[in-house]
Amino acid sequence: MTTAPPAPDTDATLRQSLARGSLGIALLHVERARQGTGSWQTAHQQLADIGPLLDGNETGLFLGAPAMTYVLHWTTVDNNRYTSALQTLDRIVATHIRRRLTAAHARIDRGEPTTFAEYDLLRGLTGLGALLLRRAPEGGELKGVLEYLVRLTEPLPTADGRPRLGWWVSHSPVNLSAPIPDGHANAGLAHGITGPLALLALAKLHGITVPGHEKAMLRICSWLDQIRVNDHHGTRWPRWITDTTTVPPHLAAPSWCYGTPGLARAQQLAALALNDPDRKRMAERALLYCLADPIQLDQLTSRGLCHGVGGLLRTVQRVAEGAEIPTAFTDRLPELRDRFLALAPPEEPGFLEGAAGAVLAFQTAEPGSGPATNWDACLLLC
């Protein structure tokens, strides 16, 4: 399960949530305004109602000042809209990231295990790096994030002398405040090491690298190869592993956050960045097996981006853009659109699991249409 960033349950934090609240809805209005199917007045009103922005340690790409920065970024692609506000926000975000990096390196120096909140896409430095890749690709903060991710992939010494994976966490994969015996290593795109892999790959594809960049990507790829499952259902990966188990051993839903689609896209990006045709072929075949298996597809029971058909739709489109045979994926879109429409609309209005994200995914998958912005960059799909 993928969860929205933890925050006090208040109106202010809900408004500032890209995952669940008003900022996710604002992103939809910005996309519609840029497409000409909505008005900038509506988008502006949605943004104006957000209120004073959070900038504590709980904030990240999906909450608070960084989330607002992400949404506003897409308003200014070819104009000067919100330029002054963005300049202020960029400074706030840069200071926030430097503070987070200092804490992360200090934690590694102490030999303590990491947490989702430190490194992942939704809460951590991977998500902030995805924002910087759009806002400040040449800045020192992005290089700092990439250097941290390189260090995250290095083995972490422990008290008993047995090195742990650098991304091994001590808490539960579901209840983040609950420790579990010996912890776990997470493979998902939203919370696991596949998020850092995707960011490292996208940065390299943009010509941005740091010392150890490729070695870090190869370490992650090697681990994903070790835990990969190949059988008559195709190729897939467990959501996480512990010292004694992999979870789940059965066929999981083909979701963006934890399933084969997100892992396949991240490894396709890594293969493109590393010039690795074998991995690219493997990743694309893994997704094709998944798309041909009704047992897996039937597990998607919502329209949402995170756990539903919406996320699969958008991921398939992105994989098709880099695929050896794009039509192998685009030919699947009509069936996926039918599956999407056969499901009830989300009751909640938000982005990750609600109506805003579902609408964004579906409208960009309709024949002859395409996104006006790369709104799905926050999903590390592009």
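**Figure 1. Helices, strands and overall dimensions of the protein chain.** The protein chain holds 17 helices and six strands, where helices (H or I, at least four residues) and strands (E, at least two) are DSSP runs numbered from the N terminus. This is a predicted model, in which local features need pLDDT of at least 70 and side-chain atom pairs count only at pLDDT 80 or more, while totals for chains, interfaces and linings use all residues. Residues are numbered from 1 along each chain as its sequence is written, and side-chain values use heavy atoms, with hydrogens and water left out. The C-alpha trace spans about 60 × 45 × 40 Å along its principal axes. For 382 residues a compact globule would have a radius of gyration near 21 Å, and the 20 Å of the protein chain agrees with this; the radius is taken over C-alpha atoms, and the globule rule is 2.2 Å times the number of residues to the power 0.38.

Figure 2. Among contacts (heavy atoms within 4.5 Å) between residues at least 6 apart in sequence, 68% join residues at least 24 apart.

**Figure 3. The crossing of helices α7 and α8.** The axes of α7 (residues 125-135) and α8 (residues 140-152) come within 9 Å and cross at roughly 145°; axes are lines fitted to C-alpha atoms, for helices over the stretch in contact, and angles run from 0 to 180 degrees between N-to-C directions. Leu125, Thr126, Gly129, Leu132 and Leu133 of α7 make the contact with Glu141, Leu142, Val145, Tyr148 and Leu149 of α8. These residues divide into seven nonpolar, two polar and one charged, with Ala, Val, Leu, Ile, Met, Phe, Trp, Tyr, Cys and Pro counted as nonpolar, Asp, Glu, Lys and Arg as charged, and the others, Gly among them, as polar.

**Figure 4. The annotated binding site.** In an unreviewed entry, UniProt places the feature "binding site" at Cys257, Cys306 and His307. Although these residues span 51 residues in sequence, no two of their C-alpha atoms are more than 6.7 Å apart, so they gather at one spot. UniProt positions are given in the numbering used here, and annotations may be inferred rather than shown by experiment. Cysteine 257, in the loop between β6 (246-247) and α11 (260-274), is buried, with a relative accessible area of 1%. Histidine 307, in the loop between α13 (294-297) and α14 (309-322), is partly exposed, with a relative accessible area of 24%.

Methods:
Buried means under 20% relative accessible area, exposed over 50%, partly exposed in between (1.4 Å probe, protein chains only).
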